[in-house]
Amino acid sequence: MGVFVDELKVWKSGKRRTCHLTADTVSELREFAARVGVPPQCWHEGARTPHYDLTTRLRDFVLERGAVFVPARDQARARMAGRQAAPTTALGRMHLYDSVAPSGNAYKVRLLLTHLDIPHDRTSLDILATPPETRAPEFLEKNPAGRIPVLELEDGTVLPESNAILFYLAEGTPYVADTRLGRAETLRWMFFEQYSHEPYVAVLKFHTYWGERDNLDPTRRRDLLARGQQAIEAMESHLSTRTFFVEDRYGIADIALFAYTQSAEAIGFEVGRHTQQWLERVRAQPGYVPIKTDPLGHAP
Ligand SMILES: N[C@@H](CCC(=O)N[C@@H](CS)C(=O)NCC(=O)O)C(=O)O
């Protein structure tokens, strides 16, 4: 078991110096690269021996994070002795950065990826650490806002913001309306979610399970409850005459709003009958997956 770098070699052009990052197995190599943040575009597509090409700066970076220097000739010998396994997984898959503690914002993306049956890898960051792993320099390069979810596309492009990711993934699928007004209505509810719902319901959920709710300033707690309740009532009113948020068809506006509304009752909100029925309709969708369980055991 190990991840290795060899010596820097000067390219024929004389302009670039790179080395190889390899490992005993491709899965170990990919897991290490994703964990420390080696850019996916460093992957050498089609190489006989699976590896990333690293510049001097990235070589120093991975050495500081546990890669071991082994000269190229020794790596070649080891491979010939059959130590290095054949590639088992193809690169070029989407990669979702989510969190160890269940995050509704990350869950939205996972739910749609599952509905669309898009194979992807995941790295879960510890947002409760001090400082959170989302504030590490290599993650801030992906999202300067220091937040998950971030979706890395097959070509290495990064896309943060849960609802932007939903909109990107849903393009051309039945999960977003194909009329101009339908798409605008979809955005309407996704903006509503981010401005009038998530800042209250998600924040109160966070304080209930992972923050210190009892230490929350009582005025702040009342404010979160009152404003979150207003959002839930706006949903209830809209759903009193519809089955789903836009064009009476399940789509990304429903996914965005489902993520935190599903926990609203458990954290003290009153959820009306129409919204409860809508929650059930979402759960009944083909390919539905529940939010992941809390490995810390705080959330039910
Ligand atoms: N507007 C963002 C909000 C993302 C967000 O608040 N993420 C939280 C987890 S749910 C996070 O990364 N917190 C870690 C931190 O702020 O350091 C979105 O919808 O993606």
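Two residues count as being in contact when their C-beta atoms, placed from the backbone, lie within 7 Å of each other. The structure shown in every view is a predicted model, in which local features need pLDDT of at least 70 and side-chain atom pairs count only at pLDDT 80 or more, while totals for chains, interfaces and linings use all residues. Residues are numbered from 1 along each chain as its sequence is written.

View 1. The chain is divided into domain 1 (3-80), domain 2 (94-170) and domain 3 (180-283), with bounds from an automatic or database domain assignment. Taken over C-alpha atoms, the centres of domain 1 and domain 2 are 25 Å apart. Where these two domains touch, seven residues of domain 1 are in contact with seven residues of domain 2. The side belonging to domain 1 is made up of four nonpolar, two polar and one charged residues (nonpolar: Ala, Val, Leu, Ile, Met, Phe, Trp, Tyr, Cys and Pro; charged: Asp, Glu, Lys and Arg; polar: the others, Gly among them).

**View 2. A four-stranded sheet.** The strands of this open sheet follow the order β7-β6-β8-β9, and their pairing is mixed (strands, E, of at least two residues and helices, H or I, of at least four are DSSP runs numbered from the N terminus; strands pair if DSSP finds at least two bridges between them). Because β7 (120-125) and β9 (158-160) stand at the edges with a single partner strand each, one side of each is left without a neighbour in the sheet. From one strand to the next, the twist averages 20°. Strand β6 (residues 94-99) runs antiparallel to strand β8 (residues 150-152), and three bridges join them; H95 stands opposite E152 in β8.

**View 3. Helices α4 and α6 side by side.** Helix α4 (residues 104-115) packs against helix α6 (residues 162-170) at an angle of about 10°, and their axes are 9 Å apart (axes are lines fitted to C-alpha atoms, for helices over the stretch in contact, with angles from 0 to 180 degrees between N-to-C directions). The two helices, α4 and α6, are therefore roughly parallel to each other (under 35 degrees; over 145 is roughly antiparallel, 65 to 115 roughly perpendicular, the rest oblique). On the α4 side the contact is made by N105, K108, V109, L112 and L113, and on the α6 side by S162, I165, L166, L169 and A170. By class, these residues of α4 and α6 divide into seven nonpolar, two polar and one charged.

**View 4. Helices α7 and α9 side by side.** Helix α7 (residues 180-209) and helix α9 (residues 252-261) have axes that come within 9 Å and cross at roughly 10°, which makes α7 roughly parallel to α9. Among the residues that make this contact are W189 and M190 of α7 and L257 and Y260 of α9. The contact of α7 with α9 has nine nonpolar, three polar and three charged residues.

**View 5. The ligand and some backbone exceptions.** The ligand is surrounded by 15 residues, of which the closest are S103, I127, P132, R147 and S162 (C-beta atom, placed from the backbone, within 6 Å). This shell has four nonpolar, eight polar and three charged residues. Most residues other than glycine have a negative phi, and most peptide bonds are trans. The peptide bond from T130 to P131, however, is cis, with omega near -5°, and P131 is found in the loop between β7 and α5 (137-140). A cis peptide bond also runs from I148 to P149, with omega near 5°, and P149 has its place in the loop between α5 and β8. In the loop between β9 and α6 lies E161, which has a positive phi of about 80° although it is not a glycine.
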